[in-house]
Amino acid sequence: MPALYARELVAGPAPLKDVDFVLNSAAVAGLLGGEEAIASMAAVHVFGGKTWATWLVWYNSPGSYSMGIRFMRLARSASPAYDHGKVQTDLAALFEYNGSKGPKFTAVHSGTNMQDTGHIAALLKKECAELTEVAGEARGRESRSVSVTIAQLGCPPKASAEVESPIPYVTYFASIPVLISMVTCVLSAVYFDWYAFAIILFGIIANGSASMVIGSGKFFFSHPEPAPGSPRGDGILDFDDGVVLLKGEEGAVNAVTRGRFFLLFQSDHASLKLRICSIFLIAQSLAMLVLISQSSFFGQLMFVISLAFSWAYNLWVWTFDKEAIQRQILKNILGQPKFTKFILKTRTSMLVFVALALRLKDPVEIMKVFVIPNTAVWEKWKEMVIKCLINEQEFEFEDRHWNCDGFCDEQKSLLKTLLEDAMVAYELFKEHEDKIILPQ
């Protein structure tokens, strides 16, 4: 099969015109992916947070095909907001801000029981799991260490509030690829390489217009408001390696268990605009593959330089820990909650410690925490522990407590072990009670 040579549309002299080497545009498009481009687009909201930041994404960016697909998903997720003439979209469709599934939640006062919570609870769980400072560690036997993190939540956030950017300086650096794209586009036109000029300009317009549409939306956080007169929202986020105790008003706890991020657009034509941007981005990626190989080597070089600088910026933004930034946003929304972490050596100690930390006295509420085997030994243990909790007695058990009539030696030994676990939890609680029970 005869070799195919690039056809040029160059009306005047151009540097490096006599070079026979032709860049493989398909390989360039394949190497420079779309995840980094999505990260830079997210920077408009997560990092930028201001309308003017949308003007700093007007550069020729790789990954337009992936961005076009994501924009179409975002358009399909659009739904009317409660305010007339506004549209809200699911950020998980574009930036994956609502994609995680959170742990099980059990409210000890209100009776709420959620098998799966959402992305916000998953963020809080990760924040607690990464805490390195431990306020106290239980003594006694060790079977499987579990953590108990107490999250003292502040005042409930507004039911719907605009999110403020935690690190707005990042978008300033986008001016570098913007400048490079403009310069390479102009140089292509100066030397009459119209294919390169057109495709770079097309990329600038496609990426910039998509940024403008996204920038017209506002980054919001929302959660359902509790009914008037609701009890405190204290509850337990339960996962494999431990639990998180949420302590606060029902509205504050709702923000964790039922909150979400979304984009709010002021126009009810937002879905149409997003679809147009999607088509525009996909068309730009296809035009790039077809047209850039028709330009001269100089034009191709200008095109690759514009992509290289924008890809470098996108890659830098992509290296930021997106989840850590979301956790910082969440802590700002929740009023900088106070976290106190404890380590207990057994699951039994953990159950008692949780009941003490939540100041449970109602047997019904205590039973929500004590999910234990239904055997004679455990039932006896539960009876003794619940009695101490209700009457606010000290956990002091002796031989007479586990030497019960009707129990064999193995059962008495097991009951003794379980009661000693309860005493270990009580000792840890009393030692740090001032950190656990805060004034309300």
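These legends describe close-up views of a predicted model.

**View 1. Glutamate 137 pairs with lysine 345.** The two side chains form a salt bridge, with their closest N and O atoms 3.9 Å apart. This pair links distant parts of the chain, 208 residues apart. Glutamate 137 belongs to strand β5, which covers residues 136-137. Lysine 345 sits in the loop between β12 (338-344) and α11 (347-357). Glutamate 137 is partly exposed, because its relative accessibility is 47%. Lysine 345 has 13% relative accessibility, so it counts as buried.

**View 2. Arginine 139 meets glutamate 427.** Their side chains form a salt bridge, at 2.0 Å from N to O. Here too, distant parts of the chain are linked: the partners are 288 residues apart. Arginine 139 lies in the loop between β5 and β6 (146-152). Glutamate 427 is in helix α15, residues 409-431. With 38% relative accessibility, glutamate 427 counts as partly exposed.

**View 3. Arginine 141 meets aspartate 421.** This salt bridge spans 2.6 Å, N to O. Arginine 141 is in the loop between β5 and β6, and aspartate 421 is in helix α15. The pair links parts of the chain 280 residues apart. Is aspartate 421 buried or exposed? Its relative accessible area is 3%, under the 20% limit, so aspartate 421 is buried. Arginine 141 is partly exposed, at 39% relative accessibility.

**View 4. Six charged residues form a network.** Salt bridges link Lys126, Glu127, Glu130, Glu323, Arg327 and Lys331. How many salt bridges are found in the whole structure? The search finds 16.

**View 5. The largest nonpolar core gathers 48 residues.** Those with the most contacts inside this core are Leu245, Phe353, Val354, Phe370, Trp381, Phe395 and Leu415. Several elements each supply at least two residues, including β6, β10 (242-247), α12 (363-369) and α13 (376-391). Which element gives the most to this core? Helix α15 does, with nine residues. In soluble globular proteins, nonpolar side chains tend to be buried together.

**View 6. Phenylalanine 395 and its contacts.** Set aside the neighbours within four places in sequence. Phenylalanine 395 is then in contact with Val352, Leu356, Val385, Cys388, Leu389, Ala422, Met423 and Tyr426. Phenylalanine 395 is also one of the residues with the most contacts inside the largest nonpolar core.

Note on methods
Residues numbered from 1 in each chain as written. Predicted model: local features only at pLDDT ≥ 70, side-chain atom pairs only at ≥ 80, totals over all residues. Heavy atoms only, no water. Salt bridge = Lys/Arg side-chain N within 4 Å of Asp/Glu carboxyl O. Helix = DSSP H or I, 4+ residues; strand = E, 2+ residues; numbered from the N terminus. Buried < 20%, exposed > 50% of the residue type's maximum accessible area, 1.4 Å probe, protein only. Core = buried A, V, L, I, M, F, W, Y, C linked by side-chain atoms within 4.5 Å. Contact = heavy atoms within 4.5 Å.
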